[in-house]
Amino acid sequence: QAPAYIRAISPYVPGKPITALAREMGLAVESIVKLASNENPLGMSPKARAAVEKAIAGIERYPDQFELIAALAERLGVAQNQIVLGNGSNDVLDLAARVFLAPGRSSVFSQHAFAVYPLATMSAGGECIAVPARHYGHDLAAMRAAIRPDTRVVWIANPNNPTGNFLPYAEVKAFLQAVPADVAVVLDEAYNEYLPPAERVDTVAWIRDFPNLIITRTFSKIHGLAGLRVGYAVASSEVADLLNRVRQPFNVNNLAIAAACAALDDHLFIAESYELNRRGMEQIVAGLKRLGLEHIPSHGNFVTFAVSDGAAANQKLLRQGVIVRPIGGYGLPNHLRVTIGRETENLRFLEALEISL
Ligand code: PMP
């Protein structure tokens, strides 16, 4: 029998796939708008697509992570032995849990924070300490106070999913200075590239100054490679070495590595994605206001808003072929999260929402 801590886990529930809804509702796949999983509405970077096609030629070989690690190290200004690749950044979160947590140890995270933190903690046998949120976001003072002698990991999502809250970096820095040195702080920056450049962390300085800091990022969001599964951690070489000890040798596949290398250099695509998101956010926020709905100001590629009955509104949206994300599992049963799409998708969503209220 599995240990009690494994049996206590509730599995992750992903956004409803387009094909599943098409089957259930008898709708054409092309008529469905999916704004449920914070994916890039522009698809994948064209340079990445070309790289994937080329990489198919070497698919009989085991993957070699060297090129992507070298490119990331150069881009970020850290040494190659400070980068750890993951099968999506979820994989890297799991590596951190497996390295630092075990039965008898605990991790601290915020209420309404990303769902993988409790999952990774429990998979490693650790205990979860969920700290009440402040204005739906992280309450860093309360999180500092919640750290116990057995705490070995603190998870911070910045911006947070599903609430979109952002902590100014001065606050995160003060937190890092206050946290005991034997507690690893995982700063999950899956949505980092959607922040205005002035609000982004100075990766090199922070990793140098805080040996217990692990920054995680992903190619799933602005780079549009969610289906290929590639993310990474940046940390001190000592911490990176620990993460690599539990990492599966070939955890990122050839196509993902090739695509990520190309996506990193596709500045035009990144700029277009950023701009589309900025305009789409304005469009959706204006639409929500017009409908008289409260939203949580978001710094990601999605926005969470309040409705009187989350489950009912979600069902009505689904019947109209619009998939958003119900977030009852995050303790927000009367909120829905919508990913920022293309202009026409955002319009479809707002029109369908008006009918669903
Ligand atoms: N962190 C946060 C805050 C996220 O929202 C997500 C994706 N939903 C991830 C990590 C994981 O993304 P991926 O595994 O695709 O890199």
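Two residues are in contact if their C-beta atoms, placed from the backbone, lie within 7 Å. The model is predicted: local features need pLDDT of at least 70, side-chain atom pairs count only at pLDDT 80 or more, and totals for chains, interfaces and linings use all residues. Residue numbers start from 1 along each chain as its sequence is written.

**View 1. Packing of helix α5 on helix α10.** Leu95, Ala96, Arg98 and Val99 of α5 meet Leu242, Leu243 and Val246 of α10. By class, this contact of α5 with α10 has 6 nonpolar, no polar and 1 charged residues (Ala, Val, Leu, Ile, Met, Phe, Trp, Tyr, Cys and Pro count as nonpolar, Asp, Glu, Lys and Arg as charged, and the others, Gly among them, as polar). The axes of α5 (residues 89-100) and α10 (residues 237-246) come within 9 Å and cross at roughly 95°. That makes α5 roughly perpendicular to α10 (65 to 115 degrees; under 35 is roughly parallel, over 145 roughly antiparallel, and the rest oblique).

View 2. The UniProt annotation "modified residue: N6-(pyridoxal phosphate)lysine", from an unreviewed entry, covers Lys221. Lys221 lies in the loop between β7 (213-218) and β8 (231-234). Lys221 is buried, with 26 other C-beta atoms within 10 Å (buried means 20 or more such atoms, exposed 12 or fewer, partly exposed in between). Apart from neighbours within four places in sequence, Lys221 is in contact with Asn38, Asn40, Ala190, Tyr191, Glu193 and Asn301.

**View 3. The shell around the ligand.** Gly88, Ser89, Asn161, Thr218 and Ser220 come nearest of the 13 residues around the ligand (C-beta atom, placed from the backbone, within 6 Å of it). By class, the shell has 4 nonpolar, 8 polar and 1 charged residues.

Definitions and conventions. Axes are lines fitted to C-alpha atoms, for helices over the stretch in contact, and angles run from 0 to 180 degrees between N-to-C directions. Helices (H or I, at least four residues) and strands (E, at least two) are DSSP runs, numbered from the N terminus. UniProt positions are given in the numbering used here, feature names are shortened, and annotations may be inferred rather than shown by experiment.
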